[in-house]
Amino acid sequence: MSVLKIYEKAPAKINLMLDVLHKRPDGYHEVEMIMTMVDLADRLEMSALPRDTIIISSQAGYIPLDEKNLAFQAAKLIKERYDVRSGVYIHLDKKIPVAAGLAGGSSDAAATLRGLNRLWGLGISDEELMKLGAELGSDVPFCVTGGTALATGRGELLTPLQNPPQCWVILAKLPINVSTAEIYGRLRSEEIQKHPSAAKMQEALEQGSFTAVCSELGNVLEDVTLQLYPDVAHLKETMIRLGADGVLMSGSGPTVFGLVSKESKVPRIYNGLRGFCKEVYAVRLLT
Ligand SMILES: C[C@@](CO)(OP(=O)(O)O)[C@H](O)COP(=O)(O)OP(=O)(O)OC[C@H]1O[C@@H](n2ccc(N)nc2=O)[C@H](O)[C@@H]1O
Ligand SMILES: Nc1ncnc2c1ncn2[C@@H]1O[C@H](COP(=O)(O)OP(=O)(O)O)[C@@H](O)[C@H]1O
């Protein structure tokens with residue numbers, strides 16, 4: 001049975017590790033990543049429209065509201081594939097910083113796929129939603145089901161993993177917009193000095209060891225972004241100095257996250273970062 005209005009939460013992701021194996025003939029890079037969700041989320045409200053149209057609105061003035069919006073693209077794709085003749089109005093309450101390495105747009109697209117499946121009573125399986133998601137972006141399939149997963153291929157092939165032990169995650173984003181395509185484009189995969197290990201991170205998760213998770217954090221895109229934007233390197237050093245247990249850049253950046261086990265340490269790190277970085281969040285893992 002179809003309904004008239006539904007809500008979906010679209011959480012941000014962080015990459016606990018990100019390795020690039022090589023560049024593929026199709027231009028994408030073969031990756032090994034371990035991703036998990038954090039409790040910082042956009043909220044989507046989807047209302048059925050009798051007219052055959054897709055309308056997007058948002059309180060955020062800095063994202064496209066036309067066919068460039070990933071939620072619009074997700075709605076268009078599902079309408080076409082399942083021959084849906086009615087329309088939808090989608091309101092995006094944006095909380096995730098944009099072009100930040102947190103997959104905000106990808107998570108909105110995934111939430112749109114999940115939401116419209118419910119709104120229109122289509123009965124599409126998660127597996128099929130993930131396949132549709134892969135047509136929209138490499139991170140969209142992970143965002144369909146969330147949790148913690150190993151992502152291979154260009155990021156769309158997923159193996160569910162144990163969630164990390166619960167902790168605080170401090171996210172800090174400088175006012176720099178990073179283009180994922182540019183960062184991958186500047187990476188010379190054959191010159192990577194140190195590859196983080198997916199197997200070791202997986203072991204750390206299976207052991208439920210917070211210390212091991214922190215010591216296995218690694219991201220080969222970090223060198224590229226930090227070289228391009230030295231302020232991000234400074235931000236990372238500051239977060240380490242303020243006492244975060246493990247610190248890494250997420251995805252292609254520029255957001256840097258710090259994992260912190262003791263709640264008593266959080267205010268010092270949060271306030272120390274707020275001194276020079278406007279966008280700082282202290283959230284929990286979404287486990
Ligand atoms: C780096 C990561 C890590 O999670 O995230 P973000 O920093 O974007 O959050 C992802 O690999 C990003 O995924 P996503 O943002 O969905 O990328 P896509 O839209 O599929 O691709 C954008 C562009 O990035 C490059 N790209 C992306 C994925 C991949 N495995 N190899 C690539 O070379 C391609 O140039 C592509 O044109
Ligand atoms: N719903 C959306 N939310 C955020 N950005 C979007 C959305 N739709 C399209 N975009 C565009 O996608 C690009 C990447 O945004 P985002 O997904 O937030 O970054 P990232 O891939 O680094 O996590 C931005 O240039 C933005 O204009």
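Which helices each supply at least two residues of the shell around ligand 2? They are helix H1 (70-81) and helix H2 (104-119); helices (H or I, at least four residues) and strands (E, at least two) are DSSP runs, numbered from the N terminus. This is a predicted model, in which local features need pLDDT of at least 70, side-chain atom pairs count only at pLDDT 80 or more, and totals for chains, interfaces and linings use all residues. Residues are numbered from 1 along each chain as its sequence is written, while chains are lettered from A and ligands numbered from 1 in the order in which they are written.

**Shell around ligand 2**

- Ligand 2 is surrounded by 20 residues, of which the closest are Asn-69, Leu-70, Gly-104, Gly-105 and Asp-108; a residue is near a molecule if its C-beta atom, placed from the backbone, lies within 6 Å of it.
- H2 provides the largest share of this shell, 4 residues.
- By class, the shell consists of 10 nonpolar, 8 polar and 2 charged residues. Here Ala, Val, Leu, Ile, Met, Phe, Trp, Tyr, Cys and Pro count as nonpolar, Asp, Glu, Lys and Arg as charged, and the others, Gly among them, as polar.
- Domain 1 (5-161) and domain 2 (168-284) each contribute at least three residues to the shell around ligand 2.

**Domain arrangement**

- The chain is assigned domain 1 (5-161) and domain 2 (168-284), with bounds that come from an automatic or database domain assignment.
- A distance of 23 Å separates the C-alpha centres of domain 1 and domain 2.
- The contact between them takes 24 residues from domain 1 and 34 residues from domain 2, where two residues are in contact if their C-beta atoms, placed from the backbone, lie within 7 Å.
- On the side of domain 1 that touches domain 2, two or more residues come from each of strand E1 (5-23), strand E2 (29-49) and strand E5 (148-152).
- E1 gives the most to that side, with 9 residues.
- That side of domain 1 has 15 nonpolar, 5 polar and 4 charged residues.

**Strand pairing**

- E1 and E2 run antiparallel and are joined by 17 bridges; two strands pair if DSSP finds at least two bridges between them.
- Ala-10 stands opposite Asp-42 in E2.
- The hairpin of E1 and E2 has 5 residues between the strands, and in it Gly-27 takes a positive phi near 95 degrees.
- E2 is also joined to E5 by 4 bridges in an antiparallel arrangement, with Met-35 opposite Ala-149 in E5.
- With strand E4 (residues 87-93), E2 pairs in the antiparallel sense over 7 bridges, and Val-88 in E4 is the bridge partner of Ala-48.

**Annotated positions**

- UniProt, in an unreviewed entry, places the feature "active site" at Lys-13 and Asp-139; such annotations may be inferred rather than shown by experiment, and UniProt positions are given in the numbering used here, with feature names shortened.
- These positions span 127 residues in sequence, yet no two of their C-alpha atoms are more than 9.3 Å apart, so they gather at one spot.
- Lys-13 is found in strand E1 and counts as buried, with 28 C-beta neighbours inside 10 Å. A residue is buried if 20 or more other C-beta atoms, placed from the backbone, lie within 10 Å of its own, exposed if 12 or fewer, and partly exposed in between.
- Not counting residues up to four places away in sequence, Lys-13 touches residues including Met-35, Leu-102, Asp-139 and Phe-142.
- Asp-139 lies in the loop between helix H3 (126-134) and helix H4 (140-145) and is buried, with 26 other C-beta atoms within 10 Å.
- With the exclusion of residues up to four places away in sequence, Asp-139 touches Lys-13, Ala-103, Ser-106 and Gly-155.
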